[in-house]
Amino acid sequence: MKVLVPVKRVVDYNVKVRVKSDQTGVDIANVKMSMNPFDEIAIEEAVRLKEKGFATEVIAVSCGVTQCQETLRTAMAIGADRAILVETAVELQPLAVAKLLKALADKEQPGLIILGKQAIDDDCNQTGQMLAALTDWPQATFASKVEVVDGRVQVTREVDGGLETLSLQMPAVITTDLRLNEPRYVTLPNIMKAKKKQLDVFKPEDLGVDVTPRIKTLKVNEPPKRSAGIKVADVAALVDKLKNEAKVI
Ligand code: AMP
């Protein structure tokens, strides 16, 4: 069984992003970019499925600019066997990515597609769900445990007040939550090995997909600045401030 893992190149989670002066978006020039953290978890899970003998091949896929190749090399250093870049300079929205992934699913016929639950740049949380709709495959979102049992995939999800376990027929779409696993460190020998692994490049046209954006961003604003807090001497002073200054009690 092949496992397809879409990985997105996003602004590194340690970077404090700045809104562009014309409010059209955030400034990503000269900013550190990394693999979306939930996608690192997805790659790790796919590699573990291969190590356990359930998967035969792990294929990482990224859609975007040429530099996404770096993200794909990282995925291959974690353990993906090969990679596919769908190269375009067009700003990709979740529906466009889902359509590209559907075209690749038709081509590669994977048993599982494991995505991140959300990209930390757009926070959309849409691509996995849209892909499940386009492929008409079962989906289990926000996975905190994935097991293959008797030819089906069993996914545990953290829901309000407990855990929900789903059993899905494959092929299926899974999206990862934070607690699914802790991705391994990428070692230097594996980085070197990853450089030699196969990386195929397609254009959206090669896959017959129109990636024209459907949604227009009107404006991006900085969050309001918060004023610094103060230390109060005791509980009485705190209660007094809550009552007379903040007027919340
Ligand atoms: P989103 O719906 O944008 O929050 O993204 C959810 C997941 O879809 C991500 O964690 C990735 O696994 C996948 N994804 C989104 N955009 C891309 C992209 N440009 N290339 C590859 N995978 C993507």
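Reader: Is the crossing in which H2 passes H5 left-handed or right-handed?
Author: The model is predicted: local features need pLDDT of at least 70 and side-chain atom pairs count only at pLDDT 80 or more, whereas totals for chains, interfaces and linings use all residues. Residues are numbered from 1 along each chain as its sequence is written, and side-chain values use heavy atoms, with hydrogens and water left out. A crossing is left-handed if the near helix is turned anticlockwise from the far one by less than a right angle, and right-handed if clockwise. By that rule, the passage of H2 across H5 is right-handed.

Reader: Which residues of H2 and H5 make the contact?
Author: Helices (DSSP H or I runs of at least four residues) and strands (E runs of at least two) are numbered from the N terminus. Helix H2 (residues 68-78) packs against helix H5 (residues 188-195) at about 120 degrees, the axes being 8 Å apart; axes are lines fitted to C-alpha atoms over the stretch in contact, and angles run from 0 to 180 degrees between N-to-C directions. This makes H2 oblique to H5, since angles under 35 degrees count as roughly parallel, over 145 as roughly antiparallel, 65 to 115 as roughly perpendicular and the rest as oblique. In the contact (heavy atoms within 4.5 Å), H2 supplies Arg73, Met76 and Ala77, and H5 supplies Asn190, Ile191, Ala194 and Lys195.

Reader: What is the relative accessibility of leucine 72?
Author: Leucine 72 lies in helix H2. Beyond its neighbours within four places in sequence, leucine 72 is in contact with Val7, Ala60, Val61, Ser62, Ala83, Ile84, Leu85 and Leu199. Buried means under 20% relative accessible area, exposed over 50% and partly exposed in between (1.4 Å probe, protein chains only). Leucine 72 therefore counts as buried, with a relative accessibility of 0%.

Reader: How wide is the arc covered by the buried residues of H4?
Author: In helix H4 (residues 127-135), the buried residues are Gly128, Leu131, Ala132 and Thr135. They lie on the same side of H4, because their arc around the axis, taken from the directions to the C-beta atoms, is only 100 degrees.

Reader: Which residues of H4 make the contact with H3?
Author: Helix H3 (94-108) is among the elements that cover the buried residues of H4. The axes of H3 and H4 come within 8 Å and cross at roughly 45 degrees, so the two helices are oblique to each other. On the H3 side the contact is made by Pro94, Leu95, Val97, Ala98, Lys99, Leu101 and Lys102, and on the H4 side by Thr127, Met130, Leu131, Leu134 and Thr135.

Reader: Which residues touch the most other members of the largest nonpolar core?
Author: A nonpolar core is a set of buried Ala, Val, Leu, Ile, Met, Phe, Trp, Tyr and Cys residues joined through side-chain atoms within 4.5 Å. The largest one holds 37 residues, and those touching the most other members are Val5, Ile43, Leu112, Ile114, Val153 and Ile174.

Reader: What is the omega of the cis peptide bond between methionine 170 and proline 171?
Author: Most peptide bonds are trans. Proline 171 sits in the loop between strand E9 (162-169) and E10. The bond joining methionine 170 to proline 171 is cis, with an omega of about 5 degrees.

Reader: What is the phi of asparagine 30?
Author: Asparagine 30 is in the loop between strand E2 (9-11) and strand E3 (33-35), and its 84% relative accessibility makes it exposed. Although asparagine 30 is not a glycine, its phi is positive, at about 55 degrees.
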